[in-house]
Amino acid sequence: MATSVLPTLMGSVIDGPTGYTGVEATPEWAQEVRRLARERNATILAHNYQLPEIQDVADHVGDSLALSRIAAEAEEDTIVFCGVHFMAETAKILSPTKTVLIPDGRAGCSLADSITADQLREWKAEHPDAMVVSYVNTTAEVKALTDICCTSSNAVDVVASIDPDREVLFLPDQFLGAHVKRETGRANMHIWAGECHVHAGINGDELTEQARTHPDAELFVHPECGCATSALYLAGEGSFPADRVHILSTGGMIDAAKQAKSTQVLVATEIGMLHQLRKAAPGIDFQAVNDRASCPYMKMITPAALLRCLVEGADEVHVDPAMAAAGRASVQRMIEIGNPGGGE
Ligand code: SF4
């Protein structure tokens, strides 16, 4: 039965301007996806911001760094990375001998796109002695020009580990940069003015309103949100109790959910995160601070895109070996410092 539905399912795949559509996430689709993955000796990894049906059919769900580590240790020789392009590139950097596929190679990231390799070269030329610290949401080309990568969990430790007399160029996220600058009190740190349009859309006004209407809730904030500063400010002035505000990576949110004491948690990050949080702690009412915070790139990994990927072995992710070696060094330095957690 499983093989007989494939022509019908594949015949429905439509390549539209916003990605592949036309296939519903039915039980037959899920069965077909699992069968094709076995046939290809592939493991399917899904980021926390993926559509619930993609998360549910995957072998592993997590944040970008955790998934890259799983990819590197996987026995299968093909990795199907359901996430955005820079994440699949990071998996390829850490697993150069494996075949890495992404269901839709057009799934980019506005944060990673906010700095190009040429812009970074120019910035470095203006500060020739500076250390470059890049968040994992960067392209392989930018990682290759980076001294140390960081995640949202260890960004403070990474910057604190650098000689205090040395300038630091921090990129690409201005909100994470502001958080790190405040925590380290470092004056010689320059911050690139990049942002993720999804996270920047979660603003302080909405958060203030949510804090007022949910006085007993805990608050989970991802530091790339435009509201991270507001959350800390609200905590500081006592309008949102400081012990109820948690600045966390997406992986850290899952751990914190399992230990949360409140019956309600407000979540300030991409809304796909709610699916795993609700699974991790079904007794807690998780609510989005902004329920419009949905990443259109993450949602390009549709049931149709995943099916096409497994049938056609596309889109394959390639990283130039010399660039991968340089990028790998900066990622490995990140893993050695503090607790890298999982980043986004
Ligand atoms: S949510 Fe923002 S940072 Fe994350 S993948 Fe989407 S555009 Fe990039």
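The model is predicted; local features need pLDDT of at least 70, side-chain atom pairs count only at pLDDT 80 or more, and totals for chains, interfaces and linings use all residues. Residues are numbered from 1 along each chain as its sequence is written.

The protein has 16 helices and 14 strands. Both are DSSP runs, numbered from the N terminus: helices are H or I with at least four residues, and strands are E with at least two. The C-alpha atoms fill a box of roughly 65 × 50 × 35 Å along the principal axes. The radius of gyration is 20 Å, which agrees with the value near 20 Å for a compact globule of 344 residues. This radius is taken over C-alpha atoms, and the globule rule is 2.2 Å times the number of residues to the power 0.38. Of the 344 residues, 50% count as buried. A residue is buried if 20 or more other C-beta atoms lie within 10 Å of its own, exposed if 12 or fewer, and partly exposed in between, with C-beta atoms placed from the backbone. Among contacts with a separation of 6 or more, 67% join residues 24 or more positions apart. Two residues are in contact if their C-beta atoms, placed from the backbone, lie within 7 Å.

Helix α2 (residues 27-39) pairs with helix α15 (residues 303-312): their axes come within 9 Å and cross at roughly 30°. That makes α2 roughly parallel to α15. Axes are lines fitted to C-alpha atoms, for helices over the stretch in contact, and angles run from 0 to 180 degrees between N-to-C directions. Angles under 35 degrees count as roughly parallel, over 145 as roughly antiparallel, 65 to 115 as roughly perpendicular and the rest as oblique. The crossing of α2 and α15 is left-handed, meaning that the near helix is turned anticlockwise from the far one by less than a right angle; clockwise would be right-handed. On the α2 side, Trp29, Glu32, Val33, Leu36 and Ala37 take part; they meet Pro303, Leu306, Leu307, Leu310 and Val311 of α15. This contact of α2 with α15 has nine nonpolar, no polar and one charged residues. Here Ala, Val, Leu, Ile, Met, Phe, Trp, Tyr, Cys and Pro count as nonpolar, Asp, Glu, Lys and Arg as charged, and the others, Gly among them, as polar.

A second pair is formed by helix α5 (residues 85-94) and helix α16 (residues 321-336). Their axes come within 9 Å and cross at roughly 95°. The two helices are therefore roughly perpendicular to each other. Thr90, Lys92, Ile93 and Leu94 in α5 meet Ala324, Gly327, Arg328 and Val331 in α16. By class, this contact has four nonpolar, two polar and two charged residues.

Local features follow. A cis peptide bond joins Leu171 and Pro172, with omega about -10°. Pro172 lies in the loop between β9 (168-171) and α9. In helix α9 (residues 174-184), Phe175, Leu176, Gly177, His179 and Val180 are buried. Gly185 follows α9 and has a positive phi, near 65°. Another cis peptide bond joins Ala314 and Asp315, with omega about 0°. Asp315 sits in the loop between α15 and α16. Asn41, in the loop between α2 and β3 (42-47), has a positive phi near 50° although it is not glycine. Asn41 is exposed, with 12 other C-beta atoms within 10 Å.
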